[in-house]
Amino acid sequence: MEHQENLTAYVAAFVAELVNTGVRDVVISPGSRSTPIAMVMAEHPDLRVHIHIDERSAAFFALGIAKSLRKPVAVLCTSGTAAANYYPAIIEAYYSRVPLIVLTADRPHELRDAGAPQAIDQIHLFGKHVKWFVEMAPPEKTDEMIRYARSVCARAAAIALRSPSGPVHLNFPFREPLVPNIGKEDLFDLNVRPDGYVSVETGKLALSEEKYEELAGILSRSDKGIIVCGPLDDEFFAENITKLASALNFPILADPLSQLRSGKHSKDFIIDAYDTFLRNSDCKKALKPDIIIRFGAMPVSKALSNFIKENIDIPQFVIDGGAGWRDPAAAAYMIHCNETEFCKSIAKYVEKKNQHPFLDKWLEINDLTKTKLSKINETEELSEGKLIYQLSDLIPDGATLFVGNSMPIRDLDTFFHVTDKSIRIMANRGANGIDGIISTAIGAASVLQPLYLIVGDLTFFHDLNGLLAVKLYNINIKILLVNNNGGGIFSFLPQASEPKNFELLFGTPIDLNFEHAVRMYNGKFDKITSWDQFKSSFLKNMDNCGLSVMEISTARDRNVLEHRELWNYVSREISNKLNGVS
């Protein structure tokens with residue numbers, strides 16, 4: 001009885017403190033050793049408990065919720081390889097700066113390294129991919145240990161959220177019996193500091209006014225500056241970066257994940273076709289900057305990344321509120337300052353210019369490129385590029401668009417241009433992998449509605465079991481499944497020029513009929529065979545509940561040819577324009 005009282009008091013205090021920190025969502029995978037926390041969590045009236053059988057999928061589901069809310073989400077599993085299955089999502093959370101509180105149950109110390117079942121070494125299991133690790137003390141009911149449980153909980157939530165946000169890991173050793181006394185009337189009553197045991201206040205990184213003024217002087221002296229905005233999710237950034245661009249007369253090269261291509265803010269300085277025209281050598285010479293300011297993670301576009309590397313001879317400034325090091329080219333000056341605060345403060349000291357020929361040239365080439373890219377809309381066959389081009393017109397205002405890696409995110413970069421619709425664009429670009437995309441998107445869809453997911457067939461197959469959450473919780477999600485029967489991205493890479501064993505090693509066709517899997521999860525499935533059918537199916541599925549999948553089959557070889565022919569066509573038109581050829 002004393003053991004149960006110790007266990008119950010300790011775990012209940014931890015869970016109550018978790019709620020005090022602002023956590024409202026927990027994702028639990030069933031297991032025995034995690035029984036004490038799972039049962040207590042299920043009793044708390046302010047927690048939304050999501051049950052996910054597969055730990056790998058569960059962690060990505062939690063990742064999607066946390067990305068959507070911009071708040072920590074807790075994820076709980078039992079001991080052994082259950083915890084190891086969290087690793088891919090934890091890596092993604094770490095590199096994409098998403099706050100997760102990872103709770104793993106463990107065997108008590110006397111059963112470790114002794115042949116006990118489901119016992120692996122869980123100490124620092126996730127290595128450097130978590131911001132903080134704590135091996136929790138065994139449960140006790142003493143005042144000191146209750147304070148310990150609460151303070152560790154509060155610290156974990158604060159560290160997960162503190163910039164740069166990321167995952168933390170708490171490992172709980174529990175002895176049997178594992179069942180707590182959830183019948184206690186005062187289960188979550190906290191006698192001391194009921195509103196929270198400790199409070200952690202964290203400020204934003206900022207510079208001195210003297211440094212802002214100095215940097216503003218450097219930027220103001222530039223006649224050919226550009227701003228590069230990679231993946232960045234700050235709801236206040238768009239308005240302030242566009243004001244800074246207006247003050248400097250610098251174009252903004254806006255990655256689709258920068259949240260700058262859509263919304264109510266000004267688009268006057270936004271460049272959104274750079275992935276196409278920066279493949280042209282004449283264009284890169286004409287648009288060579290004398291200074292680069294960069295915000296956010298590295299952009300999706302390889303052409304833009306190469307352009308940045310090719311200009312290592314000029315000053316480049318990377319603004320990072322998370323005090324990271326986002327400079328694979330080793331060419332930049334690091335400025336550790338909150339991105340929005342930097343824009344606000346620098347703009348106060350910038351000297352406004354009346355002439356802006358360099359900006360005008362960027363805007364002119366951008367407009368020409370988009371006009372020529374519209375040729376994709378003339379394609380009669382089902383096409384991956386045209387799918388994205390048409391999607392920008394069809395997707396409703398206020399929607400969330402979650403994009404898979406490999407070809408979908410690259411096509412989005414090329415064909416999804418500025419719009420006044422408010423479209424939040426999300427992706428897992430921390431580690432750039434295809435694993436867990438469906439589960440992450442469904443987690444996001446449990447918070448954000450409506451949500452559309454674009455994925456390739458390999459990505460869809462890789463995380464099929466993630467669809468169970470849709471069925472269990474009746475989550476609404478619309479999936480555009482681009483099926484080119486294999487790894488389409490590899491057809492664009494150098495190994496495609498070596499046909500021997502290319503299909504075996506890289507193309508990897510799987511020849512699956514996905515309709516059966518969709519029906520298994522009570523989903524609606526449409527096999528798209530024409531553009532008219534695509535439009536009608538898209539509009540019809542807007543009002544559907546649950547899972548809706550629209551499969552668009554394309555040919556990998558034709559997709560490569562279409563992209564290259566279009567890039568070459570646009571490149572010729574740009575060169576003619578720059579060289580005065582009519």
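A salt bridge is a side-chain nitrogen of Lys or Arg within 4 Å of a carboxyl oxygen of Asp or Glu. Side chains of opposite charge can pair when their charged atoms come close. A search of this whole structure finds 26 salt bridges.

The model is predicted: local features need pLDDT of at least 70, side-chain atom pairs count only at pLDDT 80 or more, and totals for chains, interfaces and linings use all residues. Residues are numbered from 1 along each chain as its sequence is written, and side-chain values use heavy atoms, with hydrogens and water left out.

Start with Arg-112 and Asp-106. Their side chains meet in a salt bridge, 3.1 Å from N to O. Asp-106 is buried, at a relative accessible area of 1%. Buried means under 20% relative accessible area, exposed means over 50%, and partly exposed lies in between (1.4 Å probe, protein chains only).

Next comes the pair Glu-110 and Arg-175. Here the salt bridge spans 2.9 Å, N to O. Glu-110 lies in the loop between strand E4 (100-106) and strand E5 (133-135), and Arg-175 lies in the loop between strand E6 (167-173) and helix H7 (209-220), so the pair ties together parts 65 residues apart in sequence. Helices (H or I, at least four residues) and strands (E, at least two) are DSSP runs, numbered from the N terminus. Glu-110 is partly exposed, with a relative accessible area of 45%. Arg-175 is partly exposed too, at 37%.

Lys-267 counts as buried at 14% relative accessibility, whereas Asp-420 counts as exposed at 53%. Elsewhere, salt bridges that share partners join Arg-70, Asp-233 and Arg-424 into one network.

Now turn to two helices. Helix H3 (residues 55-69) and helix H5 (residues 87-96) pack at an angle of about 25 degrees, with their axes 7 Å apart. Axes are lines fitted to C-alpha atoms, for helices over the stretch in contact, and angles run from 0 to 180 degrees between N-to-C directions. That makes H3 roughly parallel to H5. The term covers angles under 35 degrees; over 145 is roughly antiparallel, 65 to 115 roughly perpendicular, and the rest oblique.

Which residues make this contact? From H3 come Arg-56, Ala-59, Phe-60 and Leu-63; from H5 come Pro-88, Ala-89, Glu-92 and Ala-93. Contact means heavy atoms within 4.5 Å. By class, six of the residues are nonpolar, none polar and two charged. Ala, Val, Leu, Ile, Met, Phe, Trp, Tyr, Cys and Pro count as nonpolar, Asp, Glu, Lys and Arg as charged, and the others, Gly among them, as polar.

The backbone also deserves a look. The peptide bond from Ser-163 to Pro-164 is cis, with omega near -5 degrees. Pro-164 is in the loop between helix H6 (143-161) and E6. The bond from Glu-176 to Pro-177 is cis, with omega near 0 degrees. Pro-177 is in the loop between E6 and H7.

Finish with Asn-474. This residue is not a glycine, yet has a positive phi of about 50 degrees. Its place is the loop between helix H18 (468-473) and strand E16 (477-483). Asn-474 is exposed, with a relative accessible area of 53%.
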